[in-house]
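Here is a friendly briefing to read with the sequence and the 3D view side by side. Take it topic by topic, and look up each residue as you go.

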Amino acid sequence: MVSRVIPVDPFDLVIFGGTGDLAQRKILPALFRRFCAGQWVDGAQIIGAARTGYDSNGFRDVVRESLKTHAAKQCQDVSALESFLRRLDYVALDGVSDEGWGHLARRLKPGRVRAFYFSVGPRLFGPLAERIEAHGLITPLTRIVVEKPFGHDLDSAQALNATLAAHFTENQIYRIDHYLGKETVQNLMAVRFGNMLFEPLWNSQYVDHIQITVAESVGIDGREEYYDRAGAMRDMMQNHLMQLLCLIAMEPPAKFDPDAVRDEKLKVIRALDPVEPHHIVRGQFEGEGSGYRQVVGNERSTTESYVALKAHVSNWRWAGTPFYLRTGKRLVARSSVINVMFKDAPHSIFGADAGRHANVLSIRLQPNEGITLKVTIKEPGPGGMRLVDVPLDMSFAEALGPENQDPPDAYERLVMDVIRGNQTLFMRGDEVEAAWAWTDPIIAGWQARGDVPKPYDSGSTGPGDAELLMKRDGRRWQGINP
Ligand code: NAD
């Protein structure tokens with residue numbers, strides 16, 4: 001099956017921070033891949049804007065090198081690469097003064113989509129928004145894209161929302177959570193709402209509990225200062241895991257449109273109970289000479305690199321079905337997966353020897369994106385009626401053909417959605433604030449109690465207390481499998 005590519009009209013995309021890590025590693029490679037797929041056509045231009053004093057050719061040289069690493073497959077087509085680079089331009093400017101803005105204004109074309117990507121630290125969001133307006137660059141087709149972290153707590157998120165709202169309307173603001181751009185995450189909605197099979201069972205009557213795991217094998221190299229101020233709760237739980245929880249728990253929206261979807265997600269966050277202190281486990285990785293505290297250079301740091309918790313969505317659908325969420329650094333493998341753990345059949349007609357088997361729907365985000373349903377069948381062969389679990393595997397590559405072996409990177413989908421003006425997969429301001437309103441008391445509780453994270457070995461599955469969190473409820477985590 002060949003996927004359909006619908007080209008977009010010519011646009012101007014300005015990447016503030018175009019020389020930075022995110023732009024070079026994610027945004028520009030994503031744009032190049034969409035260019036190679038034929039999604040954008042002649043006339044579109046991408047303007048890198050940052051402090052470094054490159055000219056356009058200097059910028060193109062930097063991007064060429066990055067693409068060779070981060071879009072190696074597409075770079076084999078040298079003419080496509082050079083054709084893409086010709087559409088790049090560069091303006092040296094300062095986000096906190098008026099230097100360079102006149103040059104930028106002259107490069108922008110009227111009457112077309114104009115997107116400003118804020119791929120810079122959050123302290124620049126306000127100054128950039130202010131200058132975009134002051135230099136008369138806002139048109140009806142203008143959009144801005146902002147990256148995480150969106151605030152450090154509720155107060156700062158509210159302040160940031162207010163700052164952006166002083167210059168842009170909500171439908172011009174695209175807050176990125178790249179997890180929402182992942183193909184499997186969108187597939188989760190397709191599976192839930194495109195099939196009759198799952199939705200009738202998608203509630204506390206049939207679902208025992210839900211596990212959401214975002215395990216990373218990497219540490220925090222290069223982001224030490226930021227991370228030690230943030231920790232896993234702010235860096236991952238408040239945004240990525242919360243978004244996944246919303247998509248699993250939300251009611252079916254009336255249609256797949258931005259506000260209908262985001263209204264339902266918001267209701268989920270608002271229905272979350274405060275988390276009991278004994279339903280949460282914090283951890284910090286250890287390692288000979290490379291433990292968390294050594295890495296961040298702070299022997300007394302009490303920042304968590306791991307967090308596991310039990311959450312309750314207090315509404316009619318989910319009352320009594322816990323959501324167990326965990327995320328951490330330096331774990332045994334890189335693996336993001338949602339497991340919907342169904343209840344046992346109420347009665348086994350096969351007797352005790354056959355064992356008890358419950359269905360599990362696993363939604364794998366990375367690696368090996370795909371969806372697996374574990375069903376119970378008879379163990380082959382003569383003899384008694386013994387049951388075994390087998391996976392019904394919906395791997396993209398097998399189901400949709402080899403051309404779908406490499407699902408598009410999340411940024412490909414999200415950047416093109418900005419150009420198309422589709423906000424469905426972006427967070428609305430009130431969602432972000434509601435997520436902070438749930439997170440803040442948890443962090444305040446740790447601070448008030450002087451909570452110290454539990455140590456765990458690098459390369460393990462996390463602190464033992466996280467296993468106990470489950471064990472106390474007669475449950476256990478599914479394995480962290482690469
Ligand atoms: P970076 O430090 O690598 O790049 C920052 C960019 O901002 C550079 O191009 C720099 O020249 C530019 N810049 C700094 N001060 C400026 C000024 N006064 N005027 C104009 N330009 C200025 O940072 P990054 O890792 O690319 O991250 C950018 C943003 O994206 C941050 O908010 C970060 O939290 C977020 N983010 C990054 C990643 C990632 O993987 N790197 C992932 C998620 C979110």
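The notes below cover domains, helix packing, charged pairs, cysteines and backbone details.

Please keep in mind that this is a predicted model. The domain assignment divides the protein chain into domain 1 (11-147) and domain 2 (180-409 + 439-471). A search of the whole structure gives 33 salt bridges and 0 disulfides.

- Domain 2 is written in two pieces, 180-409 and 439-471, while domain 1 covers 11-147.
- Between the C-alpha centres of domain 1 and domain 2 there is a distance of 34 Å.
- Gly479 belongs to the segment after α15, and with a relative accessible area of 46% it is partly exposed.
- From Gly479 to Ile27 the C-alpha to C-alpha distance is 32 Å, and the two residues are 452 residues apart in sequence.

**Helix packing**

- Helix α7 (residues 154-165) and helix α14 (residues 429-449) have axes that come within 8 Å and cross at roughly 165°. At that angle, α7 is roughly antiparallel to α14.
- The crossing of α7 and α14 is left-handed.
- For helix α2 (residues 56-70) and helix α4 (residues 78-86), the axes are 10 Å apart and the packing angle is about 140°. The two helices, α2 and α4, are therefore oblique to each other.
- α2 and α4 pass each other in a right-handed crossing.

**Salt bridges**

- Arg25 and Asp21 form a salt bridge, with N to O at 3.1 Å. Both residues sit in helix α1 (residues 21-36), 4 residues apart, which is about one turn of the helix.
- In that pair, Arg25 is partly exposed at 36% relative accessible area, and Asp21 is exposed at 52%.
- Glu170 and Arg175 are joined by a salt bridge of 2.8 Å, N to O. Here Glu170 is partly exposed at 30% relative accessibility, whereas Arg175 is buried at 1%.
- Which residue does Lys310 pair with in a salt bridge? The partner is Asp473, and the closest N and O atoms are 2.7 Å apart. Lys310 lies in strand β9 (residues 306-311) and Asp473 in the segment after α15 (464-471), so this pair ties together parts that are 163 residues apart in sequence.
- Lys310 is buried, at 10% relative accessibility, and Asp473 is partly exposed, at 27%.
- A network of salt bridges links Asp259, Arg262, Asp263, Arg428 and Asp430.

**Cysteines**

- As a reminder, a disulfide is a covalent bond between the sulfur atoms of two cysteines.
- How far is the sulfur of Cys75 from the closest cysteine sulfur? That closest sulfur is in Cys36, 7.7 Å away, which is too far for a bond. The cut-off used for a disulfide is a pair of sulfur atoms within 2.5 Å.
- Is Cys75 buried or exposed? Cys75 counts as buried, with a relative accessibility of 10%.
- Cys246 is also buried, at 0% relative accessibility.

**Backbone details**

- In general, most residues other than glycine have a negative phi, and most peptide bonds are trans.
- Lys148 and Pro149 are joined by a cis peptide bond, with omega near 5°. Pro149 is placed in the loop between β5 (142-146) and α7.
- The peptide bond between Gln366 and Pro367 is cis too, with omega about -15°. Pro367 is found in the loop between β12 (358-366) and β13 (370-378).
- Asn368 also lies in the loop between β12 and β13. This residue has a positive phi of about 50° although it is not a glycine, and at 53% relative accessibility it is exposed.
- Arg330 is another residue other than glycine with a positive phi, near 55°. Its place is the loop between β10 (323-328) and β11 (335-344), and at 17% relative accessibility Arg330 counts as buried.

Key: Residues numbered from 1 in each chain as written. Predicted model: local features only at pLDDT ≥ 70, side-chain atom pairs only at ≥ 80, totals over all residues. Heavy atoms only, no water. Buried < 20%, exposed > 50% of the residue type's maximum accessible area, 1.4 Å probe, protein only. Salt bridge = Lys/Arg side-chain N within 4 Å of Asp/Glu carboxyl O. Domains from an automatic or database assignment. Axes fitted to C-alpha atoms, helices over the stretch in contact; angles between N-to-C directions. Parallel < 35°, antiparallel > 145°, perpendicular 65-115°, else oblique. Left-handed = near helix turned anticlockwise from the far one by under 90°.
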